[in-house]
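Here are my notes on the side-chain contacts and packing. Please read them with the structure open.

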Amino acid sequence: MNTKKNSLFRQSAWKIISRTLTTLITVCGAATLMATLFTAWPATGIAANLSSLGWEGANVPGLATTTPHPNFHVGLVAGHWGYDTGAVCPDSLGGYREVDINYTIADLTRQHLQAYGVTVDILKESDERLEGYEANALVSIHADTCEYLEGHTSGFKIAETQSNHRPEQAARLLKCLENRYAAATGLIIDRNRITRDMTEYHAFGEINPITPAVIIETGYMNKDQWLLIDDPYKAAKGIADGIMCYLERQQISPEQ
Ligand SMILES: [Zn+2]
């Protein structure tokens with residue numbers, strides 16, 4: 001996430017008020033809209049483009065061969081794609097661009113989900129389809145700064161929609177992702193650095209409020225390069241596992 005892009009990444013106060021009023025007016029139609037969540041949706045047909053990080057043509061290991069779920073529909077925002085570069089590492093740390101990391105992980109996640117039979121949209125950061133977007137879940141994929149911060153600058157962060165009409169669903173999506181991403185990557189959850197750029201993420205105010213949505217910072221672009229650059233499969237598997245945990249209503253952990 002690039003915190004300097006506040007105009008895009010934060011919802012304006014007016015937009016939040018406007019959204020709330022619109023929400024109240026349309027709440028009576030929510031039941032009808034929910035019914036549409038379980039119908040099939042067309043795929044976007046966006047071709048894989050992993051050349052920037054050298055993952056083009058890569059075969060994703062461990063794709064699912066279980067019963068497909070043709071009625072599930074998920075949106076993945078490839079953070080900053082089509083808008084800007086996001087964070088950029090200095091040449092001394094590889095010169096990596098956040099947008100390339102995000103797109104790579106989003107596309108690998110898409111392949112995992114499609115192996116389960118899930119219909120997936122890969123969305124740009126300012127994709128016009130985000131306005132009123134309806135799906136079983138929306139996950140926006142970002143990576144954290146390449147700057148060294150005080151303290152422990154490793155780990156991942158997730159924030160959920162605050163004004164969702166189904167807050168219990170958004171909370172469950174977040175819990176599933178936290179659990180499965182930690183299991184797949186070994187990264188710790190960093191709850192102490194959740195920013196307003198995450199909790200007030202612009203897409204949260206654009207999508208249909210019945211769509212559960214989260215934004216994930218998949219790791220830090222300096223200390224977590226071993227994952228984000230060298231092994232993005234693990235990150236993608238963690239996100240896909242988290243989404244399937246939510247869609248299939250899997251048990252999150254033995255304690256929950
Ligand atoms: Zn970002």
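**Charge pairs and packing**

1. Glu 178 and Lys 175 form a salt bridge, with their closest N and O atoms 3.8 Å apart. The model is predicted. Both residues sit in helix 5, three residues apart, about one turn of the helix. Glu 178 is buried at 11% relative accessible area. Lys 175 is partly exposed at 34%.

2. Ten salt bridges are counted in total. One of them joins Glu 200 to Arg 196, at 3.2 Å from N to O. Glu 200 is partly exposed at 22% relative accessible area, and Arg 196 is partly exposed at 48%. Shared partners link Lys 175, Glu 178 and Arg 191 into one salt-bridge network.

3. Asp 100 pairs with Arg 97 in a salt bridge, the closest N and O atoms being 2.9 Å apart. Is Asp 100 buried or exposed? Asp 100 counts as buried because its relative accessible area, 12%, is under the 20% cut-off. Arg 97 is partly exposed at 36%.

4. Now the rings. There are three aromatic pairs. One is Tyr 201 with Phe 204, edge-to-face, 5.4 Å centre to centre and 85° between the planes. Tyr 201 is buried at 0% relative accessibility, and Phe 204 is buried at 6%. Lys 124 lies over the face of Trp 81, 5.4 Å from the ring centre.

5. The largest nonpolar core has 46 residues; Leu 76, Leu 113, Val 118, Val 139 and Ile 239 touch the most other members. Elements giving two or more residues include strand 1 (73–78), helix 4 (98–115) and helix 5 (167–185). Helix 8 gives the most, ten residues. Another core, of 14 residues, lies apart from it and includes Leu 123 and Tyr 133.

Definitions and conventions
Residues numbered from 1 in each chain as written. Predicted model: local features only at pLDDT ≥ 70, side-chain atom pairs only at ≥ 80, totals over all residues. Heavy atoms only, no water. Core = buried A, V, L, I, M, F, W, Y, C linked by side-chain atoms within 4.5 Å. Buried < 20%, exposed > 50% of the residue type's maximum accessible area, 1.4 Å probe, protein only. Helix = DSSP H or I, 4+ residues; strand = E, 2+ residues; numbered from the N terminus. Phe/Tyr/Trp six-rings, centres within 6.5 Å; stacked < 30°, edge-to-face > 60°. Lys NZ or Arg CZ within 6 Å of the ring centre and 35° of its normal. Salt bridge = Lys/Arg side-chain N within 4 Å of Asp/Glu carboxyl O.
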